[in-house]
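Welcome! Take a look at the model first, and then read on.

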Amino acid sequence: SVTEFLLVPHDGACIHVPPPPPNQMIYVRMTPGAKASVKLQQAFRVEGRLKIATTKSAYGEVGFELRADKVEPYRP
């Protein structure tokens, strides 16, 4: 379970150099008290409020921030 993570355009994008450009990454922060159970290489749906905000992460600069209320596995 995590309280924050990065959404990137494709699997493994955040660990390869160079990282994706800031406009292709979203810093996701769960609302206070909420946690997300996410697995690498798993598609999931995130609900919350998205805003333009520059954030620095260990993987590079991020152009968006999402305050997530809910994270669940993606089901087509």
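## Terms and ground rules

A nonpolar core is a set of buried Ala, Val, Leu, Ile, Met, Phe, Trp, Tyr and Cys residues joined through side-chain atoms within 4.5 Å. Buried means under 20% relative accessible area, exposed means over 50%, and partly exposed lies in between (1.4 Å probe, protein chains only).

This is a predicted model, in which local features need pLDDT of at least 70 and side-chain atom pairs count only at pLDDT 80 or more, while totals for chains, interfaces and linings use all residues. Residues are numbered from 1 along each chain as its sequence is written, and side-chain values use heavy atoms, with hydrogens and water left out.

## The sheet

Let's begin with the strands (E, DSSP runs of at least two residues, numbered from the N terminus). Two strands pair if DSSP finds at least two bridges between them. An open sheet of 4 strands runs in the order E1-E2-E4-E3, with mixed pairing. Its edge strands are E1 and E3 (44–57), each pairing on one side only. From one strand to the next, the twist averages 30°, where axes are lines fitted to C-alpha atoms and angles run from 0 to 180 degrees between N-to-C directions.

## Strand by strand

Strand E1 (residues 4–7) pairs with E2 in the antiparallel sense over 4 bridges; here Leu7 has Ile26 of E2 as its bridge partner. E2 and E4, in turn, pair in the parallel sense over 5 bridges, and Tyr27 is bridged to Glu65 in E4.

Between E3 and E4 the sense is antiparallel, with 12 bridges. In this pairing, Leu50 has Leu66 of E4 as its bridge partner.

## The nonpolar core

Which residues make up the largest nonpolar core? There are 8 of them: Phe5, Val28, Met30, Ala34, Ala36, Leu66, Ala68 and Val71. Strands E2 (26–30) and E4 (60–73) are the elements that give two or more residues to this core, and E4 gives the most, with 3 residues.

Not counting residues up to four places away in sequence, Leu66 touches (heavy atoms within 4.5 Å) Ile26, Tyr27, Val28, Arg29, Val46, Gly48, Arg49 and Leu50.

## A closer look at Thr55

Thr55 is found in strand E3. Is Thr55 buried or exposed? Thr55 counts as buried because its relative accessibility is 18%. Leaving aside neighbours within four places in sequence, Thr55 is in contact with Tyr27, Gly60, Glu61, Val62 and Glu65.
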